[in-house]
Amino acid sequence: MLRRPAILCDPTLCTACRACQVACKQWNNLSAEETEWFQGESYTNPARVSAETWLLVDMREEIMAWGELVWMFTQRRCHHCIDPACLKNCPAEPRAINRDAHGIVTIDPGLCIACGTCVDVCPFEVPTVSERYQVARKCTMCVDRQSKGDLPACVKTCPTGAISFGEREHLIEIGRGRAGEFEKGHLYGVTEGGGSAILHVLPYGVEFSGFPEKPGGRVHRGVPTRSRKSSMAGIDGAGPLLIGLAAAGLTRFAERKRRVRESGTDPDPK
Amino acid sequence: MTNHWNDIANADVIMICGANPASNHPVSFKHILEARRRGARVITVDPRFTRTANRSDLYCKLRPGSDVAFVGGLILYVIQRETYNKDYVRRATNAPFLICPDYGFNEGIFSGYDPGTRSYDTASWSYQLDETGIPRQDPTLEDPNCVFQILKRHFARYTPEVVSNVVGCDEEDFLAVAEAFAESGKPGKAGTILYAMGLTQHTLGTQNIRGWAILQLLLGNVGVAGGGVNALRGESNVQGSTDFALLFHILPGYLQSPMTADQTLTDYLQRCTPRSSDPASANWWSHTPAYIVSLLRAFWGPAATGENDYGFNWLPKRTANYSHIAIFEAMSRGRVKGAFFMGQNPAVGGPDSDRETGALGGLDWMVCADLWQTETANFWRNPDVKKPGDIRTEVFLLPAAASFEKEGSITNSGRWAQWRTKAVEPPGMARSDLWFMDRLARELKRLYTKKGGAFPEPIVNLSWDYGGGEDGIDVHRVAREINGYEVDTARLVSGFTALEDDGTTACGNWLYSGSYTEAGNQMARRDPTDAPNKIGLYPGWSWCWPANRRILYNRASVDRQGRPSDEEHWVIRWDSKAREGRGAWIGDVPDGGWPPGEKRPFIMRPEGVACLFASCGLADGPLPEHYEPVESPVRNRICGVQNNPVAMLWQEPEQEEENLQGFCRQYPIIATTFRLSEHWQAGQMTRNIGLLNELMPAMFVMISPGLAGRLGVKNGERVVVSTPRGELEAFAHVTARIQPYRLKNRWVEVVALPWHFGFIGKSTGEPANRLTAHVGDANTGIPEYKTFQCNVRKGGQG
C-alpha cells in the first residue's frame, strides 16, 4: 500500500459517463436505488450519497456571469479527512470509526451502533445509516482492493483520468497545477477542515462546488450513550433523542439532515 | 475510420460534428483529452450542448439537417482565405481534373436530372479524357471546367451570413470554428473529423460526409497522423459486420452485390471492375476478379469450377433497394413471409416503429436471437395491439450468448480486428450466433439434399465444414477461411496479393486476408511495442485491415521523394539506403510498396487521387448541396429546391407552399433523437440492469427553458410529443442545454428524445421512433432519424 494514498478528482477531465458510480456499486455490492426520474439536478441520480450510493456524480448546469453554460460534474463521496469529525464524535465503545496508518477512514460495521452521530457531524453529508444493515455506511476508499495492490474501483474504471490515485503529496502537486490553469481554480482538500485524502480540482472555485468553504465538523449535542441496536430490542431508558429516533424509524436521519441543510439550524437539538 | 482511435491523440484540431463521444464512446475521450493535453483544440458542433460540448474549447450549435450548409461555409472559408493546402490539393486530389463542359448546376439541380424517375443521368459529371483515355488536367487550377473552379463557384453561395441564417448559429461562433479548424491546413498541423449518426441519419447523409471529406482534402488532412474522416461506429463490431456485407448492396470486402443484368461472371466483372489507362494509377479494384472468384471458391468449394463460373449464378441477384425501410415497406405489403432478427430490435430502433411493428404481423414466421426478451420478439404484446389473438405470426426466440460468452473477433471503428477468448460460459441454453447459424445451415443442407425443392444448388453445394471444438463449431476454421488458402495445399495465404482469379485460391473476405496466416492468428497478437515513428500505431497489437495498414491513404502524407510533410508525426518515410540502396518504406504499412512518386496516393480510385468532385458513384450529385430535411420548418434559403430531389421516399413530401405552412403550424417544433451513456441502442442490454436504470430510469424529452415556459411545463412534469406517425408521453427535462435556433428573422424551437426505451424490460418507456418517418438518404436509404417536425403539449397520464 501507498504511505498516504489519495484520490484526485479532476472535473475538467470528467465526461460524466458515471462509470465510477456504477463500478463503486458493483465492487461494493451496493444495490440500485429506485429512481422514478432524475432525483437531483440535471441528470444527477440518485439525489445524494447514501448507504447504498457511496459515490455520486453530481451534475449541475450553471450559466456563468459571462453568459456561458457550464455543466459542472462534481464527485460527492467521503473525503477521508485527516481530522475526521465523524471519528472524533463517534460515541460507540470501542469507537466504530477509525483512521488507519495510511489515513483511510472506515466504519467498522461490527462496532457501529447506528446512532447517526457521524451522519449529523459530517460536513459533507456522507455517512448514512442503512435501514437494511443497521449500520452507518460510506466509501472505504476500496481499502480491500488497495491492500492487494489494486486501484480503487472508481479509479480503475475511469476512462479519462478524471480520477487518479497516488501519494497525497504527489497528487497535491498535480492538482495545484491543474487548478492553476483556471483564473479562480482551487485545489480543495489540501487545507480545508485540516485536509483530506480526497482532493478536488475546482476550476471555478469553491463557490460552484457545493462544498463548504470551511468544513468544520458541526458540534453534536445530545450524544446517545447506548447502542441503537440494543435499543431496538427493547427501549431501556436511553436518552430522549434516542427514543424519538427509534420511534420515528431510521429514515428520519435523512429527513433531519435535509431540514438541517434547509434551515441552517438543527431542529432537533435535544 | 481512415485513421484509428489512438491516432486522435496526434491531432492539432479535433472537430466533433454529429457525434457525442463523451456519452456514446466514453473511452475515446481518453485520446481526445490526451490531444487536448498536448495543446489540441477541441470543437463541437451539435444541435445540443452535450457532455462532449462541455469538454470542448469551442461549441457551435447547429440546427439538425443543416450540416451541408455548415461545412459548405467552411469550404468557402478555406478557399477564400487560401488556407487550404495548395501542394496537397494539386498532388493528391482531382482539383486539376477537367469535367465535361456539359456539366452544370442550376437552381439547386445538377445536370442530368429526370424528374419523372427522380434520378440523375451522371454522364455530364464525367472527366474530359485525352486520346489515351486519361483525364485531362490543368495544373494551374484556372480552367473554368477544372474541379477546383467548379468547387469554388458551387460553394460561393455559402457565406457566413447565409450559413448562420440556415444553421441557426451566431455568425461569430461559425467564424470562430472556421478559424480554428482552418489552422489544421498549415504545414505540420493536422485536424481530424469525428462523426457518427448525427451526420449520417439524414436524407443528405452521404453528402454530409462528402462535405467534411472535401474540407479535409482541401486542408491536406487525409492520410496524415491526427487527421482523417473518422466514423465513430455505433456498436463494438458494426465495422466488422459492414466489412462482412451486412448491407444489401455489397458482398464481403465491399465487392458489389450482383444485379439481374449480371447474367454471367464476365458481365459482373465488366460492370464492377474499374479500369484506368493511367500508368500512375494503381487502381487497386482492378483485382476484383481475384477477390470475387476466391470468394465464390470459399462459398462453394470444389463445386465452384471454371465451367460453372465458380457458382456465380448461385448468388442472389438484386433488382432493387433492400435497405431497412424498403424491407419493412415490402413486409407491410405482405411480400416478406419470414424474417430473422439477430441482435436487432426494430420495434424500438426502426423508424416509424408502430408501422414497423404492424408490418411484423404480416409475417408467417419470425426468428429473434437476443440476450433478453425484446419488443420485437413480443410485438404481439405491444400495448397498442388491440387483438393479439388475430396475429398469426409464429415467433421463435433463440437465446444468444453475450460477447464475453463466446470466442471470435471484434473489429473496432479503427478497423482493428481484435480476437477475444471466451471469458465465461453462456447461461442455460444460450449459444453463440455462430452455433445457431451452423445448425441452421447444416439442417437446410440436409433438407434440400433430401427433398430437393426450388433451386436447391446454392444450398446443397454450399461448402460448410466448420466442425470441431467443444460445442461442435470451431470459430478458428471460419477465421482461416476468411483469411484465405491455396485450394490444393490448404496452406493459408499471407495476404490478398496471393489471391488468384483462376480458382486456385479461396478467401472469405479479401480485406481480411493476412489476419490468420501460417504464422498464426494475427488478430490475437498483443505486442504493446509502438512503431519507430512513435505515433501510436502499435503494429503488433491485434491486426488491422487492409494489410495491417493503420492509417489509410498514407502515401498522401509524403512528397514525390517519400519525405513526410509532418516531420514530428510522420506516418511513412522512404529510406533510400535500405535494402542495399534499393530503398524501403519505414513506419506504417504504405498504400502499396511502390517507390515514392511511382503511383498516385489514392490507390482505391481509378483516378489515383481523392475526389473533391465525385464524377460517378453518387445518386444525388457530384458535390454536396444543402436541401432542407423532408420535414423542415423553413424554406431552403440556399437554393430553390426544398428537399433532396432524389431522397428515398415512400410518400410524396408536402411541397406546396400552403400545405407546408399548414403542416408547420400543426408541427412547429424540430425534433431530434439521441443516445445516452447509460443505455445502449434499443435498450435490452441496459434496461435490464438495475444500476443503469437507477441513473436513467425513464423516457424523457429535452425541452428548452423558453419552450417550457410557453407550454407551462416544469422540469419533471409530463408532456406529450406528437407527429403525423403517432404520439408519446414522457417526462419533460427542462434544460438550458437545448436552445432554439434563430433562422434569419424567426426563432424555431427544438426538442430531443433518447431512443432507448420500449415496453419490455426492467425500465420501460414509449419509443422515440414512434415519431420518426419512413424517408431515407438518396444513396444509402438510411432513415432520417435525426430531424423531423413535432408538437409538444403538457399533459399525459403520468
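This is a predicted model: local features need pLDDT of at least 70, side-chain atom pairs count only at pLDDT 80 or more; totals for chains, interfaces and linings use all residues.
User: Which residues does the contact between the chains take, and what makes a pair of residues count towards it?

Analyst: Two residues are in contact if their C-beta atoms, placed from the backbone, lie within 7 Å, and the contact takes 23 residues from chain A and 24 residues from chain B. On the side of chain A that touches chain B, helix H1 (19–28), strand E2 (56–63) and strand E3 (69–76) of chain A each supply at least two residues, with H1(A) giving the most, four residues. That side of chain A divides into twelve nonpolar, six polar and five charged residues.

User: What makes the largest nonpolar core a core, and which residues have the most contacts inside it?

Analyst: A nonpolar core is a set of buried residues of the nonpolar kinds, joined through C-beta atoms within 7 Å; the largest such set has 172 residues, and B:Ile14, B:Val147 and B:Tyr195 have the most contacts inside it. Helix H4 (residues 67–80) of chain B contributes the largest share of this core, nine residues. If neighbours within four places in sequence are left aside, the contacts of B:Val147 are B:Asn94, B:Ala95, B:Phe97, B:Ile99, B:Leu612 and B:Phe613. Another core, of 43 residues, lies apart from the largest one, and among its members are B:Val646, B:Val721, B:Ala730 and B:Ile738.

User: Which residues of helix H14 of chain B are buried, and why are they said to line one face?

Analyst: A residue is buried if 20 or more other C-beta atoms lie within 10 Å of its own, and in helix H14 (residues 324–332) of chain B the residues that are buried are B:His324, B:Ile325, B:Ile327, B:Phe328 and B:Met331. Seen down the axis of H14(B), these residues fall within an arc of 160°, so they line one face of the helix. The elements that cover them include helix H16 (353–360) and strand E32 (775–776) of chain B. Just after H14(B) comes B:Gly334, with a positive phi of about 80°.

How values were computed
Residues are numbered from 1 along each chain as its sequence is written. Chains are lettered from A and ligands numbered from 1 in the order in which they are written. Ala, Val, Leu, Ile, Met, Phe, Trp, Tyr, Cys and Pro count as nonpolar, Asp, Glu, Lys and Arg as charged, and the others, Gly among them, as polar. A residue is buried if 20 or more other C-beta atoms lie within 10 Å of its own, exposed if 12 or fewer, and partly exposed in between; C-beta atoms are placed from the backbone. The arc is that of the directions from the helix axis to the C-beta atoms.
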